[in-house]
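Here is a short note for someone meeting this structure for the first time. Please read the points with the model open beside them.

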Amino acid sequence: MKSYQATRTAPAPDSAVVRGPGEVEVRLRVNGEVRRMFVEPRVSLLDALRDRLDLHGTKKGCNQGACGACTVWVDRRRVLACLTLAISCENREVTTIEGLSEGDTLHPMQQAFLDADAFQCGYCTPGQIMSAVALLDEGHAGDDDEIREWMSGNLCRCAAYPHIRSAIRRVRDEQEAGRAAR
Amino acid sequence: MRPVSYSRVADVGTAIGTVTADPESAFLAGGTTQIDLLRIYVEQPARLVDINDLPLNGIEELPDGGLRLGGLARMSDVAAHPAVRERYPVVSEALLLGASPQLRNMATVAGNLMQRVRCSYFRDTEAPCNKRAPGTGCGALDGVNRGHAVLGTSDRCIATHPSDLAVALVALDAVVRTEGPAGPRSIPIDDFFLLPDRTPEREHPLTHGELVTSIDLPALPVAARSRYVKIRDRESYEFALVAVAAAMSVVAGRIAEIRLALGGVATKPWRARAAEQVLDGAPATADSYRRAAEVELEPAVSHGMNEFKIELARRTIVRALTELAEREAAA
């Protein structure tokens, strides 16, 4: 009979701090700034961003992880804010579309979406752009097939896909030219 | 979503102890299935125990030449790992053909094994479902069942197991390691998934509070010659209609070693042992592949709309093995 002491990971008594189910104070670092709010633990990162922090750039599409409109970065990785609890992002770095530009200067991907006419209604666009920037960082924009596959988590019901790929190609090629020049 | 309380834990012992002590609690890892199911009232824990800070996200070499995937390793990190890509390409391919890049950044490999079925009757709390509410019946049996299983079904449940990763793991005889209130356990992957039979609500042999700490891939040279073929309604970001995980070596025109598993067609990740028996030592030809596929699908049961999956599964087996043999001949 194995005793609990014998295993390195013996079950400890229920000593974990319980927060909620009512509103609790949550501090999130969003776009480099610490933001304080009171939310129930069940509140998604998406709802916290939009309803508590007035960051309306991140969009609510399906709210069930199927459309990608709510794509943000947590610790620099693209994730879905609708399937993430706000409270679980404490001590992590959240970045939204509002955090991409430098003041009034748009991020190159934002500018490329404008220049390439890469949207029609615009609802999916913030998610597309957050995904597109991450895609380049991940190194998955080699050719159109690769871009298509690695952008498949972001649906566009206006079907602006060819122009979205065009915008991504432009930024990719600019980045590569910039690296070659250095 | 019903209100829920939240705890974050930093070590495995506290995680297990906390969930074990509270029958209404559940582990929270990537959350990609769980938050979705909480929101539609299919799962209703009163407390979530966030385990994302546990030191279980590593990928390590095992002394016997195998590879240990930490339970909290993210799908994207496992898929991109050089050792996985080189020695177990079927695992990397299965991961990359599942979900979307965002979801793969969130979801863990242990959570992938624990994900729930996508049956629309399971997800609809107004519908009968023996898995969600035992004894209420199965809406899929005479309902919209185009995506449902043809192997391993019972008169209680025909929901398809949705994981791609698990199909690859079943082909490779991976081992699931857990820690729980009764100590550590190692569970062969094929035993980790239960057939629905008379208790479809029971999907795994785990006790409440038992945590998947790692998935061990065995040292298996043939796994370097493996692939994952997935057939679906759209080319990306979609569940399988049929999937085949295969590893094969051919010596002098005959099949020396074969591992075969099916996804999208069964109530659990389906090791195709009957087909393996036919293939073992047989000539590496389309005729052998077809015969093996027919033997494997012999017990398949159609429920109407999913009839097409039976022939689709046979053809996908033939295609996967044909392409594997061609690849090996070219190498």
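1. Start with a term: two strands pair if DSSP finds at least two bridges between them. With that in mind, look at chain A, where A:Val74 stands opposite A:Arg77 in S4(A). Strand S3 (residues 71-74) of chain A and S4(A) run antiparallel and share four bridges. Keep in mind throughout that this is a predicted model.

2. That pair belongs to an open sheet of five strands in chain A. The order is S2-S1-S5-S3-S4, with mixed pairing. Strand S2 (33-39) and S4 of chain A are the edge strands, each pairing on one side only. On average, neighbouring strands of the sheet are turned by 45° against each other, direction ignored. In general, strands of a sheet pair through backbone hydrogen bonds, either parallel or antiparallel.

3. A helix covers part of this region. Helix H3 (residues 125-138) of chain A lies across S3 and S4 of chain A. Helix H3 of chain A runs at about 45° to S3(A).

4. Now the interface. How many residues of chain A are in contact with chain B? There are 35, and they meet 36 residues of chain B. Strand S4 (77-80) and helix H4 (144-150) of chain A are the elements that give two or more residues to the chain A side. S4(A) has the largest share of that side, four residues. By type, the chain A side divides into 15 nonpolar, twelve polar and eight charged residues.

5. Turn to chain B as a whole. Chain B has 13 helices and twelve strands. Its C-alpha atoms fill a box of roughly 60 × 50 × 35 Å along the principal axes. Why does 20 Å agree with a compact globule? Because a compact globule of 331 residues would have a radius of gyration near 20 Å, and chain B has 20 Å.

6. Of the 331 residues of chain B, 56% count as buried. Among contacts in chain B between residues at least 6 apart in sequence, 64% join residues at least 24 apart.

7. One helix of chain B deserves a look. All eight of the eight residues of helix H9 (residues 165-172) of chain B are buried, so H9 is largely enclosed by the rest of the structure. Among them are B:Leu165, B:Val167 and B:Leu172. B:Asp173 follows H9(B) and has a positive phi, near 60°.

8. Last, the domains. The assignment for chain B gives domain 1 (5-53) and domain 2 (222-330). The centres of domain 1 and domain 2 of chain B are separated by 37 Å, taken over C-alpha atoms.

How values were computed: Residues numbered from 1 in each chain as written. Chains lettered and ligands numbered in written order. Predicted model: local features only at pLDDT ≥ 70, side-chain atom pairs only at ≥ 80, totals over all residues. Rg over C-alpha atoms; globule rule 2.2 N^0.38 Å. Buried ≥ 20, exposed ≤ 12 C-beta atoms within 10 Å, placed from the backbone. Contact = placed C-beta atoms within 7 Å. Nonpolar A, V, L, I, M, F, W, Y, C, P; charged D, E, K, R; others polar. Domains from an automatic or database assignment. Axes fitted to C-alpha atoms, helices over the stretch in contact; angles between N-to-C directions.
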